[in-house]
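Please keep the sequence and the model in view while reading.

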Amino acid sequence: MKLIIAIVQDEDSSRLISALMNEGFSVTKLATTGGFLRAGNTTLLLGVDDAQMNAALAVIEKICKSRKQIAASPSPIAGGNSATGSYVPYPIEVVVGGATVFVLGVEQFTKF
Ligand code: 2BA
């Protein structure tokens, strides 16, 4: 068995959960926050049989789209005072997603 941890954009999460459940996968949704953008995203946990892993990944790949976002840079620029933390933020464009996926081996799966 594998545990799939998929970090996806909030905009894709509802459609993705529906698609996964239609294919018979069990899904747990967590409300999470990206460390870079400090914006909300969604993390899904799926426990799947080894034989079903590629099917689950295919659904995730099909649904999740990459999008451009403008973010305020969290980094200091010349003239900023790193001692006092007085940084001047400036806009940068980042491409987010489709999905960031981790696949872990599951040692044991039990329901009580
Ligand atoms: P965030 O950390 O908010 O990152 C959003 C997007 O900002 C990233 O999209 C990437 O394009 C950009 N980005 C992140 N860190 C950066 C940096 N140090 N410098 C420049 N640009 C940076 P994605 O790569 O698609 O990641 C989407 C979300 O997936 C991330 O949101 C984070 O919540 C998660 N994630 C991505 N890689 C991860 C990892 N290795 N471990 C844990 N979570 C990860």
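## The ligand and its polar partners

In this predicted model, a polar side-chain atom of Asn41 lies 3.0 Å from an oxygen atom of the ligand. Taken alone, the ligand exposes 750 Å², of which the protein buries 52%; accessible areas come from the Shrake-Rupley method with a 1.4 Å probe, and for residues only the protein chains shown count as cover.

The numbering of residues starts from 1 along each chain as its sequence is written. Local features need pLDDT of at least 70 and side-chain atom pairs count only at pLDDT 80 or more, while totals for chains, interfaces and linings use all residues, and side-chain values use heavy atoms, with hydrogens and water left out.

## The shell around the ligand

Which residues surround the ligand? They are Ile7, Gly34, Gly35, Phe36, Leu37, Asn41, Val94, Val95, Val96, Gly97, Thr100 and Phe102, where a residue is near a molecule if one of its heavy atoms lies within 4 Å of it. By class, seven are nonpolar, five are polar and none is charged. In this scheme Ala, Val, Leu, Ile, Met, Phe, Trp, Tyr, Cys and Pro count as nonpolar, Asp, Glu, Lys and Arg as charged, and the others, Gly among them, as polar.

Strand S5 (91-96) and strand S6 (99-105) each supply at least two residues of this shell, and S5 has the largest share, with three residues.

## Overall architecture

The protein comprises two helices and six strands, arranged along the sequence as β-α-β-β-α-β-β-β. Helices (H or I, at least four residues) and strands (E, at least two) are DSSP runs, numbered from the N terminus.

Of the 112 residues in the protein, 25% are buried; buried means under 20% relative accessible area, exposed over 50%, and partly exposed in between (1.4 Å probe, protein chains only). The protein exposes about 7,400 Å², and carbon and sulfur atoms supply 53% of that area. Among contacts (heavy atoms within 4.5 Å) with a separation of 6 or more, 69% join residues 24 or more positions apart.

## The nonpolar core

In soluble globular proteins, nonpolar side chains tend to be buried together. A nonpolar core is a set of buried Ala, Val, Leu, Ile, Met, Phe, Trp, Tyr and Cys residues joined through side-chain atoms within 4.5 Å. The largest one here has 17 residues, of which Ile4, Leu16, Leu20, Leu46 and Val48 touch the most other members. Strand S1 (2-8), helix H1 (10-22), strand S3 (40-48) and helix H2 (53-63) are the elements that give two or more residues to this core, and H2 gives the most, with five.

Leaving aside neighbours within four places in sequence, Ile4 is in contact with several residues, including Leu44, Leu46, Val48, Ala56, Ile60 and Phe102. Ala56 lies in helix H2 and counts as buried because its relative accessible area is 0%. Apart from residues up to four places away in sequence, Ala56 touches Ile4, Leu20, Phe25, Leu46 and Val48. Ala56 and Leu20 are 36 residues apart in sequence, yet 7.0 Å apart in space, C-alpha to C-alpha.

## Thr42 in strand S3

Is Thr42 buried or exposed? Thr42 lies in strand S3 and has 2% relative accessibility, so this residue counts as buried. The side chain of Thr42 makes a polar contact with the side chain of Asp10 (2.7 Å). A polar contact is a pair of N or O atoms within 3.5 Å; within protein, one must be able to donate a hydrogen and the other to accept it, and residues adjacent in sequence count only if both atoms are side-chain atoms.

## Loop residues and backbone geometry

Most residues other than glycine have a negative phi, and most peptide bonds are trans. The peptide bond from Gly97 to Gly98 is cis, with omega near -5 degrees; Gly98 lies in the loop between S5 and S6. Arg38, in the loop between strand S2 (28-33) and S3, has a positive phi, near 55 degrees. Arg38 counts as exposed because its relative accessibility is 67%.

Lys65 lies in the loop between H2 and strand S4 (67-72) and, at 42% relative accessibility, counts as partly exposed. Not counting residues up to four places away in sequence, Lys65 touches Gln9, Asp12, Val96, Gly97 and Gly98.
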